Amino acid sequence: MHNQVCVSGSRDATLRVWDIQTGECKHLLIGHMAAVRCVQYDGIRVVSGAYDCLVKVWDPVSETCLHSLNGHNNRVYSLQFDGRHIVSGSLDTTIRVWDAVNGTCLHVLSGHRSLTSGMELRDNILVSGNADSLVKIWDITTGACLQTLDGPSKHQSAVTCLLFNSKYVMTSSDDGTVKLWDIKTGEFLRDIVKLDSGGSGGVVWRIQLDKTRLVCAVGSRNGTEETKLIVFDFSVGGIKCKSSPTSTSTAQEASITEPWQVRERRAEAIGGADLNQILSIRILGSINNEEGPSLDEN
């Protein structure tokens, strides 16, 4: 979404450009031969990844495909696009870095052993999470892998979501944990969240945070954990996570720069077992409905 325009991709292999004020479909983009899995839009160009193994770059106004990026040999599951570079992750276990202007492949990033389920790109640094339980940090200008977040404290199942800044990487997983890592050294720092049901079905699907709050979308694939949002409030005096009787998460003691200083442990659970898997979270200001600040170094 950009300003008042939203772009959607569908199992019918098309993309649609919508006016979110009127609900009108303004443009239809046709060219993929299978389901469109991921979409990025910078207000000028649309980038899509699909199960036909292709990444496409579009001019949404003229409804033309500018580039068809051919290189993956299996489904494309994840995308990042910063206006200059396109980064695509695939079931073929590789990540490809493309020039967004001319469509050439700049680097093939190899090292994961399974599906790249999620990525985040900031400047030249890419962090990728994978179904192989590993998280890797890359320099997309050189194609080099800078760090692999591994070791005895690594995730024990697929990585589901990640966030990072110039100091830290935060990751969530099918193993029911949220972990904090040092981005420079790759060192594991601590578990932010551990579900009691982790290892027996409990999953942290998505994480999102601002300067004072961490929101975790949790649940399970087998009924061992209710589907709910757990909201941790990192406010005055350290983290204050309001705890409900149904919450089984724990926030452990630590002494790390805000917003990860932990003193009191309380968590507020929102939702219940009637919900299905939560796929996306966005934090908005609670008083004046302004968008909350994003993860940063302050």
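**View 1. Val39 has Ser48 in strand E5 as its bridge partner, in a sheet of a predicted model.** Residues are numbered from 1 along each chain as its sequence is written. In this predicted model, local features need pLDDT of at least 70, side-chain atom pairs count only at pLDDT 80 or more, and totals for chains, interfaces and linings use all residues, while side-chain values use heavy atoms, with hydrogens and water left out. Strands (E, at least two residues) and helices (H or I, at least four) are DSSP runs numbered from the N terminus, and two strands pair if DSSP finds at least two bridges between them. Strands E4 and E5 run antiparallel and are joined by 5 bridges, and in their hairpin, which has 4 residues between the strands, Gly43 takes a positive phi near 95 degrees.

**View 2. Four strands form an open sheet in the order E4-E5-E6-E7, with antiparallel pairing.** Strand E4 (36–41) and strand E7 (64–70) stand at the edges with a single partner strand each, so one side of each is left without a neighbour in the sheet. Strand E6 (residues 54–59) is joined to E7 by 6 bridges, and Leu54 stands opposite Asn70 in E7.

**View 3. Strand E5 (residues 46–50) is largely enclosed by the rest of the structure, because 5 of its 5 residues are buried.** Buried means under 20% relative accessible area, exposed means over 50%, and partly exposed lies in between (1.4 Å probe, protein chains only). Val46, Ser48 and Ala50 point one way from E5, whereas Val47 and Gly49 point the other way.

**View 4. Val87 lies in strand E9 (residues 85–90) and is buried, with a relative accessible area of 0%.** Leaving aside neighbours within four places in sequence, Val87 is in contact (heavy atoms within 4.5 Å) with several residues, including Leu79, Ile95, Val97 and Leu121. The C-alpha atoms of Val87 and Leu109, which are 22 residues apart along the chain, are separated by 9.9 Å.

**View 5. Tyr51 and Tyr77 form a tilted aromatic pair, with 5.4 Å centre to centre and 40 degrees between the planes.** Rings of Phe, Tyr and Trp (its six-membered ring) pair if their centres lie within 6.5 Å, and planes under 30 degrees apart count as stacked, over 60 as edge-to-face and the rest as tilted. This pair links distant parts of the chain, with Tyr51 in the loop between E5 and E6 and Tyr77 in strand E8 (residues 76–81). Tyr51 is partly exposed at 21% relative accessible area, whereas Tyr77 counts as buried at 17%.

**View 6. The rings of Trp181 and Phe188 have their centres 5.4 Å apart and their planes at 70 degrees, so the pair is edge-to-face.** Trp181 is buried, with a relative accessible area of 0%, while Phe188 counts as partly exposed at 22%.

**View 7. Residues 238–274 have a pLDDT below 50, pLDDT being the predictor's confidence in each residue, from 0 to 100.** The protein chain averages a pLDDT of 82, and 78% of the residues score at least 70. Where pLDDT is low, the predicted coordinates should not be read in detail.
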